[in-house]
Structure formats: structure tokens, C-alpha cells
Amino acid sequence: MIENMKTEKDLDQAGKDKKALEIIKLSIKNNIRQYTMFIALIGIMIIFSMLSNVFLTPRNLSTLFLQTAHIAILACGVVLVIVSGNIDLSIGAVVGLTGAVAAILQARYGLGIAPAILITLIVGAVIGLWQGYWVAYKNVPAFIVTLAGMMICNGLLLGVTRGETTATSSTFNKIGQSYLPTLFVESTPRDMIPHDTTIIIMLVVIAAYLFFEFRNRKERISYGFDVLPKTFFFLKLALVIGLIATVFIIMALYLGLPYSILILMVIGGLYTFITTKTTFGRHVYAIGGNREAAKLSGINIKNRILMIFVSSGILGAIGGIIFTARVGSAAASAGQSMELDVIAAAIIGGTSTLGGEGTIIGAIIGALVMATLNNGMLLLDVGTTQRLIVRGLVLLAAVWIDISSRKKNN
Amino acid sequence: MSNYILEMKDIVKEFPGVRALDSVCLNIKAGEIHALVGENGAGKSTLMKVLSGVYPYGSYEGEIIIDGKPQKFSNTKESESAGIGIIYQELTLVKQMNICENIFLGNEFNSHGIIDWNKAMRETKRLLEMVGLNDSPDTKIVNLGIGKQQLVEIAKSISKNVKLLILDEPTAALNENDSENLLNIIRRFKREGISCIYISHKLKEVKAIADRITVIRDGKTIETFDNDASVSQDRIITGMVGREITQLFPRKVHTPGETLMKVKNWTVYNPEVPDKKLIDDVSFEARKGEILGLAGLMGAGRTELMMSLFGAYGEKISGEVEIEDKTVKIKEPRDAIKNGLCYLSEDRKKNGLVLMMDIKENITLASLKQIAGIKGINENEEIKVANNYVKALKIKTPSLEQKARNLSGGNQQKVVISKWLMASPKILVLDEPTRGIDVGAKNEIYNIINDLVDQGVSIIIISSELPEILGISDRILVMHEGKFTAELDWQEANQEKIMHFATGGGH
Ligand SMILES: Nc1ncnc2c1ncn2[C@@H]1O[C@H](COP(=O)(O)OP(=O)(O)OP(=O)(O)O)[C@@H](O)[C@H]1O
Ligand SMILES: [Mg+2]
């Protein structure tokens with residue numbers, strides 16, 4: 001033991017660097033999909049910024065984020081579903097139905113915003129319970145259960161809306177359209193004064209990030225494990241902080257941080273925690289990776305699947321609220337085929353259709369890739385036909401690249 | 001000048017972080033049976049995958065020469081047409097297809113895409129005769145036992161005119177009879193001029209069948225020698241592990257304590273044939289600090305008995321289980337685990353591992369509670385715990401983050417064993433725990449079992465290898481067609497007695 005420590009200390013700088021490179025290599029290898037998608041995202045953005053001088057403006061980028069929010073939130077939930085080896089085709093219908101519920105509770109029954117939202121979330125959870133029950137306890141394939149769920153929700157949507165469009169109040173619409181208020185200094189998109197609330201939140205996020213990174217590092221050292229050498233560590237910190245700062249500053253220079261993006265950040269953080277840090281998350285991956293082995297390891301598969309669908313239902317409701325608020329009304333056709341965008345986002349972000357693999361951050365990047373393509377092509381006046389085709393091809397290409405890079409690795 | 005049909009020269013193959021093969025040389029003479037032995041993770045399977053083109057030319061260094069001609073296989077099709085047939089450690093048959101379809105999968109006799117089934121059936125019949133299988137060619141694979149499936153694999157590879165047949169641990173899952181049968185077939189092939197590379201951890205078989213033996217260790221060729229009478233099993237072991245193993249079965253005298261688990265009148269019906277009893281009114285006890293061996297032939301119901309007790313098998317079950325004098329209801333594996341009953345499955349790929357997860361995640365899967373608090377899973381603690389097992393069981397891996405699928409077969413087994421050790425069971429059922437494990441590691445596992453027993457764990461071990469059952473059990477129950485036919489103390493037990501009762505013989 002003591003000898004071991006000595007030799008470890010004697011490792012010269014070159015040896016340490018080599019070890020660090022190994023760690024970096026391994027982490028890149030394990031997250032190759034996220035990195036490639038992220039680079040692809042930057043690439044797409046560069047191309048559009050060259051083709052259109054509007055693309056890179058804070059105004060356009062902020063709109064882009066706004067358009068992505070609900071898809072990205074829904075993608076967080078569907079990652080769990082797909083990782084567990086299931087699928088949820090009812091997302092779009094749930095978004096439509098819950099959105100309508102939220103709108104109608106306010107317009108027709110005069111409920112306040114808070115109770116309306118609460119009931120809507122409960123409706124989402126109940127839909128999730130229903131679907132989860134059939135999948136987990138009655139062993140009906142999720143494909144069928146959620147296909148049926150989609151039809152049922154579409155029917156209910158038509159019923160509750162009576163085919164009419166219900167407008168929502170401007171206060172409610174803020175959830176999907178507006179930005180956090182400023183705290184101290186008024187700022188407009190035209191001046192170069194950054195939006196102060198956004199900057200404060202940015203500082204909080206960065207501080208929290210630094211806190212966790214340093215605590216992790218200290219803990220690892222106290223366990224006697226390898227850590228990145230200082231230079232690499234600070235380089236990594238600088239990169240991540242730079243990235244966080246860029247996103248926030250873009251928004252700060254326009255109208256600030258939108259509510260919906262704030263919600264996305266909270267949910268993204270929460271789901272990242274769930275998938276990487278909790279036993280529940282670990283169980284979900286194990287179930288998708290090898291259901292039989294998971295069962296024999298004592299995992300309560302039924303309960304886990306039920307919870308996964310409840311989560312998807314609740315996120316569906318949140319998506320429904322944000323989407324309705326963004327559009328400003330609930331219509332009988334709302335949410336139609338939104339599930340396809342959501343599933344595509346998750347899959348582009350590296351979620352394996354066979355289950356067992358996938359990350360939240362990947363899905364959010366996936367959602368951004370799709371939204372960026374859409375936004376950029378709109379700016380370039382590309383027609384709907386071409387836009388749909390391009391997005392389809394991108395989905396295909398992303399999965400193909402993934403499969404062939406995996407083959408090479410093994 | 002060389003009379004070698006195959007020469008592999010200085011083969012080097014690297015995976016991220018591992019040098020799996022480090023200039024390995026292997027020469028095969030025409031018409032010989034050549035055994036390839038080595039510890040888990042030594043590189044045997046990898047070497048064969050290089051040879052068969054699974055790892056294409058360019059992904060490794062070194063030369064492959066067949067009949068004097070250098071070869072550059074870029075896929076398995078090319079190696080097949082050069083006369084190389086390989087049967088992998090994991091069977092690759094399509095379970096829902098029949099024998100004939102499997103044999104000609106990808107090589108169907110066809111004209112313009114229309115398959116000539118008559119010809120295929122005739123040809124299958126002929127091939128099945130060659131391997132001594134008299135099932136009909138349209139039997140589905142699911143309905144065949146593992147021994148017969150193995151024969152179908154062989155028939156499949158000889159359908160492609162092999163000159164060199166490679167068998168990677170073909171008998172790991174076979175019982176003695178099936179194994180003997182397989183060895184005879186290989187001997188017959190040899191007379192017909194087919195050479196064979198035979199990989200096995202069962203040194204008795206290696207002794208019995210090989211003309212020459214090559215030992216590899218840590219990705220290097222250690223030696224190649226003729227398998228003549230002067231070569232003993234111990235001699236081979238020393239070459240493999242680089243040290244002597246004095247006692248493969250470390251016999252320790254245990255003093256069994258109180259009864260931990262009591263099973264009364266356990267009856268399990270066949271889930272497919274509801275009227276048929278698979279386990280018929282079985283009662284037994286497992287005691288603290290004792291190794292209970294379950295012997296029997298394949299299909300006697302040992303696995304079904306234990307899986308049903310564990311809550312993982314059967315729908316219609318009657319009987320009673322007491323653990324520590326309390327009657328327990330076990331409906332699902334998690335109930336069993338909560339009550340301290342753990343079960344190591346005989347099929348690690350299907351029931352044991354999550355292949356896409358890494359080593360540490362697999363080890364902690366059944367005991368996440370131990371390392372998780374309100375702040376979630378403590379990853380540092382996880383690494384620490386997993387690392388202890390990797391060290392204790394000498395799991396060969398470049399890092400804890402290695403995916404389970406990238407481990408060698410034997411090391412995968414050690415990962416699953418670690419998983420159950422971590423769950424700190426009171427009663428641990430080990431179903432074929434040393435399948436595919438090298439002698440050195442076997443010995444280590446027996447030592448671990450003995451340690452567990454010393455700590456008061458009750459061990460129940462199922463094994464098809466009689467020497468293993470005889471070597472480590474304190475008490476042996478022999479099963480035949482769902483019933484216990486004998487209970488033997490280790491001192492009175494021997495192979496003949498066990499076989500007598502296992503085949504249904506009476507007292
Ligand atoms: N695809 C892979 N990626 C990374 N490492 C691998 C891969 N395949 C094999 N290895 C590593 O290469 C080494 C040799 O493995 P190999 O499967 O050849 O061993 P083996 O001699 O067949 O062992 P066993 O007797 O356990 O089957 C092991 O350390 C293993 O972890
Ligand atoms: Mg092997």
C-alpha cells in the first residue's frame with residue numbers, strides 16, 4: 001500500500017499528463033454522441049450565420065430558444081421512456097389536451113392561473129398513470145398503449161374544446177412569450193445594457209457550477225482517485241463557463257431570460273440529476289439495457305415503468321401549458337404530431353431506440369439542432385416541403401453516423 | 001517447407017486502454033487438434049476473432065498465412081471461403097428459426113432469390129448425420145437443448161467446407177455426455193482431415209483431445225508443446241497462471257450452524273404445460289455456514305427449483321419457504337433479495353449483466369441503496385466499492401468504466417459474482433458459478449465461497465461438473481426429474497453414487 005503511494009507520487013509530469021489524456025479520451029469516447037451533436041450544432045449555426053445576417057442577432061437567437069423550450073422539455077421526459085425500452089406516441093395529443101384544459105379552466109370556469117396550472121398538471125399525471133398502468137401492469141406494449149392514448153386524448157381534446165379555439169389571458173401567455181422582469185436597471189433590446197436579472201441568474205448558475213466542480217474534485221482527492229491535472233481542470237472550467245456565459249449574454253442583450261427557458265433549465269437540471277445520480281435513474285437504464293437482469297437484480301420494474309409514464313404525462317402537461325401560452329390560445333388541432341419532433345430530438349441527441357442509452361443534455365442539444373435548422377431555413381425562405389425533407393434527412397444522418405461510429409469503437 | 005496450414009505471426013491487437021494481443025504466434029499443422037489455453041482475458045477469443053475477420057485486416061498488426069499464402073480478411077465471409085469456420089463462445093443461432101434455416105442462413109441455395117428448400121433439407125439431413133444429431137431439420141432451435149444447439153452450430157460451419165474449425169469453449173454449457181459426444185465428433189473430423197483449434201478451460205478435455213497445446217498469458221504466447229503422456233494437467237496450469245495451484249478445491253471443514261432456509265413441499269408447474277410438475281413436492285433445508293451442492297443431469301429441475309424460490313420462475317407454485325424461522329412470501333426477486341436470498345444465474349448474458357453498462361454500474365446494481373443518500377448515488381463510494389471487488393476477484397480490465405460487453409467471458413462472470421457479493425446475502429445460490437472461468441480464478445472463487453461460509457452465509461451451489469460439486473460441497477442433494485433422489489454427505493459421495501441417483505436409480 002505504502003509502496004503504491006510512493007510510486008504514484010513519483011509519477012513524473014509526463015506520466016500524469018498521459019493519464020489525464022486517457023481520462024479525457026475515455027470521457028470523450030463515452031460521450032461521443034453529445035460532442036459530435038454539439039459540434040454539428042455549432043457548425044449549423046456557423047453556416048446559417050454566413051448565409052443570413054439576421055441569424056446571429058440576439059433577437060433571432062432568443063426567438064430560437066423560445067421555439068425550442070417546449071420541445072426540449074418534452075424531450076427530457078421521452079428520454080426516460082425510450083431509455084427504458086418503451087415509446088410514447090401520445091405526447092403531442094397530451095400537449096394539446098392539457099393545453100386546452102388549462103385554457104378552458106380559465107376562460108370557461110374562471111379559475112385563476114395557479115389553480116388552473118395545478119389541475120392541468122394533475123390531468124397530465126393521471127394520463128401518465130393510466131398509460132403506465134397498462135404498460136407496466138398489463139404488459140400491453142407501450143407502442144399500442146400510447147397509440148391508443150393518442151387517439152383517446154385527441155378525442156377528449158375535440159370534446160373539451162368543442163372544436164373551438166379558446167384564447168388565453170395575456171398574463172397566462174407570459175409563461176410562453178415573456179421574459180423575466182428587470183430588477184434594477186431598465187434595459188431594451190436596442191441599448192447595450194444587459195438585462196440585469198439574467199446576468200444575476202447567470203452568475204448564480206456559474207457559482208453553483210464552480211461549487212459542484214470544486215466539491216467533486218475535493219471529494220475525489222479525498223478518496224484517493226485520479227483527478228484531472230490543474231491545467232486541464234481549469235481549461236474545462238473556462239470552457240463550460242464560457243459556454244454558459246455566451247448563452248446567457250445573448251439573452252441578456254435582447255429582452256432577457258424567457259420564463260419558458262428558465263423552466264427548461266430547471267427541468268433539464270432536475271432530469272439530469274435523476275438520470276445520472278439517483279437509483280431510479282440507474283434502474284431505468286438497467287431496465288432498458290437488460291430487463292431480465294434488472295428484474296433478477298431486484299428492481300421493481302412495474303413501479304419504475306409506471307413512474308416513467310407519470311413523468312412523461314406531467315412533462316406533457318408542462319409542455320402543454322407553455323405551448324398554449326406561446327400561441328396564446330388552445331385549438332382542437334394543437335400539438336398534432338409534436339411527438340415526432342420530440343422523439344427525433346431525443347434520438348438525434350443520442351438516445352438509443354433499443355433502450356439503455358441516452359442523456360438529457362443530448363436530447364436538449366437534439367431539440368436545439370432541429371429548431372436551429374427550422375429557424376435558419378425559415379430565415380432563408382426555404383419552403384415547408386424542403387424544410388421537412390431536410391429535417392428528416394438530418395435525423396437519418398445523425399443515427400447513421402452514430403451507428404457507424406459505434407461499430408468502429410467496438 | 002512448412003507443413004502448417006495456418007500461421008499467425010506476431011499478432012498485435014489493441015483496444016482503448018488494453019493491449020489484448022501482444023505479438024502472439026500460433027501455428028497449426030494440417031489435421032491436428034490444437035488446444036489454446038489461457039486465463040480469462042488472456043486473449044484467446046480475441047485471437048480467434050482476428051483470425052476469422054471479425055476484426056478486419058488493418059485493425060491489428062501481424063500476419064496471417066494460410067497454406068503459405070498471406071491473407072487479409074476484411075470480414076468473416078472471406079475467412080469462411082478460405083476454409084475457416086468458427087463457433088463462438090456465445091451461440092449465434094436464430095432461436096425462432098428451424099435447424100435448416102439456421103444452417104443456411106445467409107448461404108441459402110437459391111435461384112433468382114427463390115430458395116430451394118428441398119435441396120436445403122436434404123443437405124441439412126446429411127450434415128446432421130455427420131454431427132450425430134437425429135432431430136428433424138425443421139425442428140425450431142428453441143426446442144433444442146444447449147448441447148444439440150452446439151451441434152447445429154457445428155453442422156452450420158461444416159456446411160461451408162471448413163478446413164479449420166475453431167471452437168471457443170464449446171463445452172462450457174454442456175453436460176458430460178454431450179461433451180463426450182462433441183469430442184468424438186471432433187476426433188472424427190480430424191480423421192477426415194479437418195484441423196481444429198480448441199479453446200477450453202476444462203483441462204481434462206484438453207488433455208484428452210489435443211495433439212498440441214499453446215498457452216497464452218496476458219496476450220503473449222508462452223509456449224507450444226506436444227500433448228504427450230508426460231504432460232500433466234498441473235503442467236498446463238502452471239503454464240497458464242505462471243504459478244502452481246496446489247489444491248484446486250480447497251477443502252475446509254465447516255461446522256454448519258442453525259437452519260437458515262427451510263423449503264417445504266415445494267411444487268412448481270411447467271409454465272408452458274400447466275399440468276406438468278417440474279418440481280414435485282420438494283423439501284430441504286439450507287444451513288448457516290454450509291455449502292449445499294445440488295447435483296443432477298441437465299433438465300433435472302435444479303435451476304427451475306432455485307429460480308422459483310427466488311421468485312423468477314413459474315406461475316403456478318405451491319409450498320412454503322421459511323427464512324430464519326419466518327414464513328416468507330416471495331413473489332418477485334426483490335422480495336427474495338430483501339429476505340437475504342440471492343441467486344447467481346447460470347446465463348450471465350441473458351440474466352446477469354447489463355452489457356451496455358460499465359463494470360461498476362453492474363456491480364452495484366442490486367445494492368444501490370448502500371451507496372445512495374438524499375444527494376443521490378455517491379459515485380466516489382461506488383468506485384471505491386467496485387474497485388475492491390475488481391481487486392479481490394482479479395477482474396481484468398483497464399478501468400471501472402469499461403462496458404461489460406467489452407470484457408472477456410470469464411471476467412464478465414466475475415462481475416456478476418461481485419454484484420451478489422455486494423448484496424451481502426444470507427443465502428447465496430450459485431448456479432454454475434465457474435462456467436467459463438479459468439482454473440486460477442476458479443480456485444479464487446472457491447476461496448471466496450469458503451470465506452462467505454466462514455462469515456455464516458449459507459451457500460447452495462448448482463454445478464454440472466461433478467468434481468466441483470464433490471470438491472466443495474459439505475452436503476449433496478441429487479435431483480432427478482424434479483425430485484430429490486438422495487442426500488449425501490461429502491465424505492460418502494463419489495461420482496458413481498451421484499450418477500446412480502441422478503439417473504433415477506434407487507437406494
Ligand atoms: N471489444 C473490446 N473492447 C475492449 N476490450 C476488449 C474487447 N474485447 C476484448 N477486450 C479485452 O481483451 C482482453 C482479451 O479478451 P478475450 O475475450 O480475448 O479473452 P479470453 O482469453 O477469451 O478470456 P475468457 O477465457 O474469459 O473467455 C480482455 O482483457 C478483454 O477485456
Ligand atoms: Mg473467450
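Between chain A and chain B there are eight residue pairs in polar contact, both residues at pLDDT 80 or more; a polar contact here is a pair of N or O atoms within 3.5 Å, where within protein one must be able to donate a hydrogen and the other to accept it, and residues adjacent in sequence count only if both atoms are side-chain atoms. Do keep in mind that this is a predicted model, in which local features need pLDDT of at least 70, side-chain atom pairs count only at pLDDT 80 or more, and totals for chains, interfaces and linings use all residues. Residues are numbered from 1 along each chain as its sequence is written, chains are lettered from A in the order in which they are written, and side-chain values use heavy atoms, with hydrogens and water left out.

Staying with chains A and B, the rule also finds three salt bridges across their interface, a salt bridge being a side-chain nitrogen of Lys or Arg within 4 Å of a carboxyl oxygen of Asp or Glu. Arg282(A) pairs with Glu361(B) in a salt bridge, with 3.9 Å between the closest N and O atoms.

Which parts of chain A touch chain B? Elements giving two or more residues are α2 (13–30), α9 (196–222), α11, α12 (279–289) and α13 (291–296) of chain A; helices are DSSP runs (H or I, at least four residues), numbered from the N terminus. The most comes from α12(A), with six residues.

In total, 32 residues of chain A and 40 residues of chain B take part in the contact, meaning heavy atoms within 4.5 Å. The two chains bury about 3000 Å² between them, 55% of it on carbon and sulfur atoms; buried area is the accessible area (1.4 Å probe) that two parts lose on being put together, summed over both. Tyr223(A), Arg282(A) and Leu296(A) supply 24% of the area that chain A buries against chain B, more than any other three residues.

Now, let's look inside chain A. An automatic or database domain assignment divides chain A into domain 1 (31–178 + 258–409) and domain 2 (183–257). Eleven residues of domain 1 of chain A are in contact with ten of domain 2 of chain A.

What is buried between these two domains? About 910 Å², with carbon and sulfur atoms giving 83%. On the side of domain 1 that touches domain 2, α4 (58–83) and α11 (259–277) of chain A each supply at least two residues, and the largest share, five residues, belongs to α4(A).
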